[in-house]
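Here is a short walk through one protein chain. Keep the sequence and the 3D view side by side as you read.

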Amino acid sequence: MMTDGEKKFLLKICRMYYFDELTQAEIAKKVGVSRPIISKGLQRARSEGLVEIIIHDDAFHTIDLEQQIENAFSVEDVIVVPTAELPPEIAKNALAKEAASYVVKQLKDVAKVGVSWGTSLHSLVKEFPGEHHEHLKVIPLVGGMGSNRIELHSNQIAYELSKKLNCSCESLYAPAIVESEKFRELLLQTPAVSDVLEEARKIDLAIVGIGNPFIRSTMEEIGYIGKEELKNMEQARVVGDINSCFVLADGSIAKNTINERVIGINVEELRNVKKVVAVTEGIHKVDSILATLRGGYIDTLITDERTASELVKKLNDAK
């Protein structure tokens with residue numbers, strides 16, 4: 001129990017340290033004690049609640065969110081972009097710029113970069129700075145043919161990123177999802193498909209998106225999945241997809257869905273990649289992101305503040 005005298009002493013040295021900005025040595029000389037006593041006194045004042053330190057920084061909240069997500073899952077990096085006060089389109093651009101900046105820093109000692117598809121990756125490539133990495137090769141991780149929203153397909157994203165990096169790229173001449181398992185097996189036997197997928201399995205860095213097939217689904221928008229597929233996925237309890245591989249809430253791969261008709265590397269194969277970076281945003285994707293984290297398929301999560309806040313809220317509610 002703290003006596004009134006002890007409390008008065010602690011408040012006195014705190015005023016001198018925080019308000020008068022004296023050093024611990026100067027305070028010790030003034031009050032006639034050793035410097036370690038002042039140091040311990042300042043620490044005690046904080047632990048007893050006499051002093052509360054508040055950091056007035058917009059980024060502090062996002063740092064806290066990053067740490068909470070990192071502590072909950074086995075991920076190397078979590079980057080939360082401060083976007084709470086920004087309009088949706090500007091927030092998306094801010095996320096893309098941050099993601100592009102992060103990817104640039106990862107390119108040292110990388111020979112092959114794999115890319116998925118979708119709006120987040122399309123935005124990332126638009127914000128990507130011009131670089132000279134002639135030794136690199138960009139490889140699509142999933143089929144990338146189609147007539148709708150061509151700019152979102154993996155082949156186009158791979159091509160546009162290779163232009164920014166001044167390097168070569170491959171194209172995967174197949175749709176992301178085909179009509180039947182039999183047709184998929186036939187395509188996988190063709191060199192034009194099998195050779196690219198084999199290269200995709202040997203990449204050093206993967207950049208992927210995370211999707212929710214039921215809400216604001218790009219897959220549905222461009223015609224890859226219809227009502228019947230959505231109904232089947234709902235019955236199978238699918239919550240999201242990564243690189244067009246659909247997963248359940250616990251992160252396991254969904255069975256008896258369109259996974260059996262996807263042309264691309266699946267999440268189990270992603271585990272073998274040295275570094276997998278997921279770029280995603282939107283509170284409608286929180287369950288999808290959680291499933292991906294639980295599955296341990298990614299090493300880095302880059303998302304916006306609103307999404308991260310909702311993700312952490314869900315984690316805390318589950319405790």
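Is isoleucine 13 buried or exposed? Isoleucine 13 is buried, because its relative accessible area is 0%, and the cut-off for buried is under 20%. Bear in mind that this is a predicted model.

Now place that residue. Isoleucine 13 lies in helix 1, which covers residues 4-19. Set aside residues up to four places away in sequence. Isoleucine 13 then touches Ile27, Ile38, Gly41 and Leu42. Aspartate 317 is another matter. In sequence, 304 residues separate isoleucine 13 from aspartate 317. In space, their C-alpha atoms are 41 Å apart.

Helix 1 has a packing partner. The partner is helix 3, residues 35-47. How are two packed helices described? The angle between their axes and the distance between the axes describe them. For helix 1 and helix 3, the angle is about 100° and the axes are 9 Å apart. Helix 1 and helix 3 are therefore roughly perpendicular to each other. From helix 1, the contact takes in Glu6, Phe9, Leu10, Ile13, Cys14, Tyr17 and Tyr18. From helix 3 come Ile37, Ile38, Gly41, Leu42, Arg44, Ala45 and Arg46. Sorted by class, the contact of helix 1 with helix 3 holds 10 nonpolar residues, one polar and three charged. Isoleucine 13 is part of this contact.

Step back to the whole chain. There are 14 helices and 10 strands in it. The C-alpha trace spans about 85 × 45 × 35 Å along its principal axes. The radius of gyration of the protein chain is 25 Å, whereas a compact globule of 319 residues would have one near 20 Å. Of those 319 residues, 48% count as buried. Then look at the contacts with a separation of 6 or more. Residues 24 or more positions apart account for 72% of them.

Serine 74 sits in the loop between helix 4 (58-72) and strand 1 (77-81). Serine 74 counts as exposed, because its relative accessibility is 76% and the cut-off for exposed is over 50%. Isoleucine 298 is 224 residues away from serine 74 in sequence. Yet from C-alpha to C-alpha, serine 74 and isoleucine 298 are 8.9 Å apart.

Move on to helix 5 (residues 88-105) and helix 6 (residues 119-127). They pack at an angle of about 70°, and their axes are 8 Å apart. So helix 5 and helix 6 are roughly perpendicular to each other. The crossing of helix 5 and helix 6 is right-handed. Helix 5 brings Lys92, Asn93, Ala96, Lys97, Ala99, Ala100 and Val103 to the contact. Helix 6 brings Thr119, Ser120, Ser123, Leu124 and Glu127. The classes in the contact of helix 5 with helix 6 are five nonpolar, four polar and three charged residues.

Pick out lysine 92 from that list. Lysine 92 is in helix 5. Lysine 92 counts as buried, because its relative accessibility is 17% and buried means under 20%. Beyond four places in sequence, lysine 92 touches Thr119, Ser120, Ser123 and Glu281.

Glu281 comes up again at another residue. Which residues does threonine 307 contact, leaving aside neighbours within four places in sequence? They are Glu281, Gly282, Ile283, Val286 and Ile289. Threonine 307 is in helix 14. With 1% relative accessibility, threonine 307 counts as buried.

Helix 13 covers residues 286-295, and helix 14 covers residues 305-317. Their axes come within 10 Å and cross at roughly 65°. That makes helix 13 roughly perpendicular to helix 14. This crossing of helix 13 and helix 14 is right-handed. Val286, Asp287, Ile289, Leu290 and Leu293 of helix 13 meet Thr307, Glu310, Leu311, Lys314 and Leu315 of helix 14. In the contact of helix 13 with helix 14, six residues are nonpolar, one is polar and three are charged.

Notes: Residues numbered from 1 in each chain as written. Predicted model: local features only at pLDDT ≥ 70, side-chain atom pairs only at ≥ 80, totals over all residues. Heavy atoms only, no water. Axes fitted to C-alpha atoms, helices over the stretch in contact; angles between N-to-C directions. Helix = DSSP H or I, 4+ residues; strand = E, 2+ residues; numbered from the N terminus. Parallel < 35°, antiparallel > 145°, perpendicular 65-115°, else oblique. Left-handed = near helix turned anticlockwise from the far one by under 90°. Contact = heavy atoms within 4.5 Å. Nonpolar A, V, L, I, M, F, W, Y, C, P; charged D, E, K, R; others polar. Buried < 20%, exposed > 50% of the residue type's maximum accessible area, 1.4 Å probe, protein only. Rg over C-alpha atoms; globule rule 2.2 N^0.38 Å.
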